[in-house]
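Hi,

Here is the structure I promised to pass on.

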Amino acid sequence: MSLKRTAVVGSVLLLWAGGAAAQAVDASAAEALAKKSGCLGCHSVTQKKIGPAFKEVAARYKGKADAEQKLHTHLTTNPKVKVGGAEEEHDSLKTKNQADIRNVVRWILSR
Amino acid sequence: MTIKAWESLRNRCATCARTTLVGGTVVVALLVGGLLMAAGAAGLAGTNTEKFCIGCHEMRENVYAEFKGTIHDTNRSGVRAICSDCHVPREPVPMLIRKMQATFELWGHFVTGVIDTKEKFEAHRYELAKRVWTRMKETDSLECRNCHHADAMSSELQSERARSRHAKGKAEGMTCIDCHFGIAHKEPEGGPGPQELKVGNR
C-alpha cells in the first residue's frame, strides 16, 4: 500500500475508533444511575413490569435518527405518560450531568 | 417390641413387675423419640440460617453477593430478610417438601457442579429465577407476605404512586412478584418475566 493510502485508511480507522470510544457505554455507571433514579421500580431491562422494558424501548427507537434526542427529552422533562389508563408524570434521571444522562440514554438504546 | 426382646428384658430384670417394665420401656421410648425430634428440628432450623446457605460458594459468590447492599439486606430500620425468609416456606408440610427438594442441590454441589462457576451460574440464571417466580405466582407470593401484610399497609404512609399501583394490581389480580422482582438479586437477561409467565389462574 502507498504511504498516502495508508494515511487515509489509518485516519479513517482512528476516527472510527475514536467515535466508537466516544459512543462507548459505561454499563455499570448507567445501571447505577438508573437504580438511583428509581427507574428500575417500573422498568426491567428485558422483562415486562409497569413501563416498557428497556429492550422494548430500544426496539421502538431502532433506526430512528432522533432517538437519542427524543429519549434525552423524555428522561429530563417529566413528560406525561399513560400508566394503566391513568396519566402521570414520568420521573427524570437524578443528575444534571449531561454526560451521565447521555450515557444512560445510550445504554437504554443499546439493550 | 419383639417377643425375644421382651424375654431378654424379662431375664435381665426378673424381679420387676410387668407394669414397671412396660412403663419403663414407654418412658425410654418417649425420651429417645423426643430427643430425636428435637435433634431433627434443630437440624432443620440450622439449614434455614444465612450462614448455612452461604456455606456453598455458588450461593455466596453469586446471589448472596448481589443481595448485599439491597434493601432486604440493609436499610434504615435494620429489619432484614435472610435466604430462608424468602425461599423456604414457613408452613411445616411445604417446608419439609422444600427441604426434600433441596437434597438435589447437594447433588448439584457435590456431584454434578451444575452451577459451580460464574459462567455456569449465569447460563442458568434465568432458569433459577423462573423457578422462584413460578413458585411465588403459585402461592400468591407467600414468602413476601411473611413480612409484608397488604392489610397493614398504611395508605397514608405510602406514596400516591404506590397506592395507585397497588390498587390497580389488586383489581387485576396481580401478585407481589409480578412487579417486585429483581430486588434482592440481579434480573436475568431475557426470557418472560413474572407477568408473562402463565401459572395456574394468574
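The hairpin first: β1(A) and β2(A) form one with two residues between them, and Gly84(A) in the turn has a positive phi of about 55 degrees. Strand β1 covers residues 80–83 of chain A and strand β2 covers residues 86–89, and they pair in the antiparallel sense over four bridges. By pairing I mean that DSSP finds at least two bridges between the two strands. Val83(A) stands opposite Ala86(A) in β2(A), and Lys80(A) stands opposite Glu89(A) in β2(A). In a regular strand the side chains alternate between the two faces of the sheet.

Before you go further, this is a predicted model: local features need pLDDT of at least 70 and side-chain atom pairs count only at pLDDT 80 or more, while totals for chains, interfaces and linings use all residues. Residues are numbered from 1 along each chain as its sequence is written, chains are lettered from A, and ligands are numbered from 1, in the order in which they are written.

Now chain A as a whole. There are five helices and two strands in it, and along the sequence the pattern reads α-α-α-α-β-β-α. Helices (H or I, at least four residues) and strands (E, at least two) are DSSP runs, numbered from the N terminus. The C-alpha trace of chain A spans about 65 × 25 × 25 Å along its principal axes. Of the 111 residues of chain A, 15% count as buried. The cut-offs: buried is 20 or more other C-beta atoms within 10 Å of the residue's own, exposed is 12 or fewer, and partly exposed is in between, with C-beta atoms placed from the backbone.

What holds the largest nonpolar core? That core has 13 residues, and those with the most contacts inside it are Ala30(A), Leu33(A), Ala34(A), Leu75(A), Val104(A), Val105(A) and Ile108(A). A nonpolar core here is a set of buried Ala, Val, Leu, Ile, Met, Phe, Trp, Tyr and Cys residues joined through C-beta atoms within 7 Å. Both α2 (27–36) and α5 (98–109) of chain A supply at least two residues of this core, and α5(A) gives the most, with four residues. Leaving out residues up to four places away in sequence, Val104(A) touches Ala30(A), Leu33(A), Ala34(A), Leu75(A) and Leu93(A). Contact means that the C-beta atoms of two residues, placed from the backbone, lie within 7 Å. Apart from this core lies another, of six residues, among them Ala129(B), Trp133(B), Met136(B) and Ile177(B).

On to chain B, which has ten helices and zero strands. The radius of gyration of chain B is 24 Å, well over the 17 Å from the globule rule for 202 residues, so this chain is more spread out than a compact globule. Its C-alpha atoms fill a box of roughly 80 × 45 × 35 Å, taken along the principal axes. Buried residues make up 13% of the 202 residues in chain B. Of the contacts in chain B with a separation of 6 or more, 68% are between residues 24 or more positions apart; for chain A that figure is 56%.

Two neighbours in chain B deserve a look. Asp140(B) sits in the loop between α8 (118–138) and α9 (144–147), and its phi is near 55 degrees, a positive value in a residue other than glycine. Asp140(B) counts as partly exposed because it has 15 C-beta neighbours inside 10 Å. Ser141(B) lies in the loop between α8 and α9 too and has a positive phi of about 50 degrees, although it is not a glycine. Ser141(B) is buried, with 22 other C-beta atoms within 10 Å.

Elsewhere in chain B, Met37(B) lies in helix α2 (residues 18–46) and is exposed, with 10 other C-beta atoms within 10 Å.

Last, the interface: ten residues of chain A are in contact with eleven residues of chain B. The chain A side has four nonpolar, four polar and two charged residues. For these classes, Ala, Val, Leu, Ile, Met, Phe, Trp, Tyr, Cys and Pro are nonpolar, Asp, Glu, Lys and Arg are charged, and the others, Gly among them, are polar.

Cheers

Terms used: Rg over C-alpha atoms; globule rule 2.2 N^0.38 Å.
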